[in-house]
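Dear colleague,

I am handing over the structure below, and I would be grateful if you could read my notes on its aromatic contacts alongside it.

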Amino acid sequence: MSQEEGENHMNGYKGVLAIRDVIWRTRGAIAKLRRNFSTTAAIRVSAALVLGMLCHPAHGQVPDGYVGGMARESASGKPVAEVRIVAHNVDKGTDLFTVTDTAGMYKFTNLEPGRYDVAATKSGFQKASATVDVEGKHLTRVDLPLEADATPANADVSPTITKSNAEPLTDHEKQLLERISRLETRLAAMEAKDKDGEQTSADGKPGSASEPLTASLNPADAATPEATPAQQTAAAAAPAAPAAKPQEPPAPSIPDALQSPPPGPKVDNDTPFAFGDFSWRNGTGRGQSVFTTKFFTPEIRFDTNFIEDFNQPRDHTMGGSTEQFRSGEFQIEQASVGGDFRYDNVRGRVLFMFGNFATTTPRNDASFGVGQWDLRGAYKYVSEAWGGYSFPNVNHGLNIDAGIFVSYIGLFSYYNFDNWTYQPSYVSSNTPWFFNGVRIQWFPTNKLKIEPWIINGWQSYAKYNSRLGLGGQILWQPKEWLSFVFNNYGMGTDTLNNPNVSRIHADYSYLVRYFHNVENKGISTMAVSLTTDLGCEYGGGASCFKNTANGLKTSFAGWMAYQRFWFYKDRHAITIGGGSMNNPGRYLTLLQPINGADAVSGSPYFTENFGNPAKMWDATINYQWMPKQWITWWAEAGYRHSNVPYWSGRGGITPPGGNTGSPASYVCTNGVTSAISNFAPSANGFLADNSGGAVSASCTAQYGSNFTAWQPDLKQGQATISGGILVRF
């Protein structure tokens, strides 16, 4: 026999001895369990012990770990069947699922070593969970006590799920289950004899009830271990002993790995909204930070896109959106770094903003045109910056924060990683992404937030006129699958250079997750959202409802709806939806950057006067692949339509030679502003001013017959396809 063969033989012999040792220890553990539990419980627990100790990987395999245990009622200690168990790998963000059997037992095999959050949910009970560290070749027992809940937070979890997405049983495991079945039969016979008081057979020899129980990894092995030569010699030399009740070998204590851990944490019914997982909501990011400390939780975001506009504007410039800016190019929309700070109830958050957002969002704020200091330049690289204090003992919490904070008017998040689609409809894209002021977050219950705002104005760094704006949000989430968001705004005078115009706005969203089974490899989750908006401006020449002698109709009415389907354990998703708006007065219609125009300069090529019409609608289909909790790959197709020319056409919206002069002036076809020719726009728009060719005539008179008035190429429709990568740590 070669040295290698000898080593293999020795390893095999040691393996057999190890298996026999496990079998004898199992018998002792079973004996101890029989003295302390009922017959049925002993059988079930013994089966779990045998399977746990014997299901070690063969020599040379990857040393995976195992988790198993029992779900039981906290009050009575009775096992609970059909409990959904989730093992979440904290390091990799992956999940495995199974369901307890009729004895309340469950198991996970072939787990990669690491930290896991093990959670149990069942209708009628509160959620129970525990965090454990799984080691290779090691069984970790996690018992999960369940407390009854009169109003279960997980009512949407089906109690009839019976299939686990753990790996299918191997032939080796099937053989183990056959051995366990034989053990259960043997134990049943023992219990029957014990009940009748039969401890020995009729001839006085020890009965089968006292024979050692064995199980083998090899189905061909004998039911009892073969005696060694030394044992046979000792047995032959020993005198015959009188018939007596044989003594059972001492029962070893259950290994630490199989001891029940301390009861897992109860469902958090104190912290607001901690009773459920709301990461399915549109506008709510999924996953957790890679790491956190007692003082600081970092946050890093990257958003890169490629958008193709079928209008093919030659200047690659797109308008009318707060998400899509350049066509046919790779662009970094957002690159952000920051995080959350907290210490001794003092809290704060800062998130710096770089990329397209640093320019495209501030340009829509006209308030910096009031007075001095370049507030737009001061704040352009900050999307959030606030500090405050938390009062945890006021109901379920009270926070008071001051600074720049995000707005959820329009449901969608400012950050695209958190959203169901990349390009939202108008009631989101055209409404505020941030506020500057004070917010008070009050949580009277763990399912309700009431949040008043005292702010400078409608998405404004400064105050437009004499009054601050007031608003607030009510967020009510009575169930994990149901959410209501109510936003209101008023009192603000948000029209530049017109202090008599006031604005009011209401934005209400409703979200329902009506199907959820993340075990499914087909459709795993389905949810729908609906958002409705109503608002208007009044006073100073504006009227809310109709044209009157005192003002022209200036209002906003819109809606958007989205249906989302998640697939293959929520790793893929498809969202279909769209919406519309009617905005006479155009005060919430985004101004295109024609010749570099912004909210302060305005543009004579697209006026925003009281009564000017703007009716638009859109439709979108979006696909997302989410292989990890920190990344989303996405692709999207959409179409947007306007009743007036609005979207960039092939000719673009940039004058010949680039932006020229003041955006508030007309430009001639030679790329020179028409202001030099002493033509002043009347604020009635190009069609009115150029009636009879007045603007063109001024350009011709100044620069010759080859030059006329330039105008942007605007279309009523825009079709796009786009894709990109979203990352958040």
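In this predicted model, Arg586 lies over the face of Phe606, at 4.3 Å from the ring centre, where a charge counts as over a ring if NZ of Lys or CZ of Arg is within 6 Å of the ring centre and within 35 degrees of the ring normal. The charged end of Lys447 likewise sits over the ring of Phe275, 5.1 Å from its centre.

Residues are numbered from 1 along each chain as its sequence is written, and side-chain values use heavy atoms, with hydrogens and water left out. Because the model is predicted, local features need pLDDT of at least 70 and side-chain atom pairs count only at pLDDT 80 or more, whereas totals for chains, interfaces and linings use all residues.

A search of the whole structure finds 34 aromatic pairs, meaning rings of Phe, Tyr and Trp (its six-membered ring) with centres within 6.5 Å, called stacked when the planes are under 30 degrees apart, edge-to-face over 60 and tilted for the rest. The rings of Tyr414 and Tyr415 have centres 5.4 Å apart and planes at 20°, so this pair is stacked; both residues are buried (under 20% relative accessible area, with exposed over 50% and partly exposed in between, for a 1.4 Å probe and protein chains only). Tyr414 and Tyr415 also belong to one aromatic cluster with Phe325, Phe357 and Trp433.

For Phe606 and Tyr646, the centres are 5.3 Å apart and the planes at 55°, so that pair is tilted. Phe606 counts as buried at 4% relative accessibility, as does Tyr646 at 1%.
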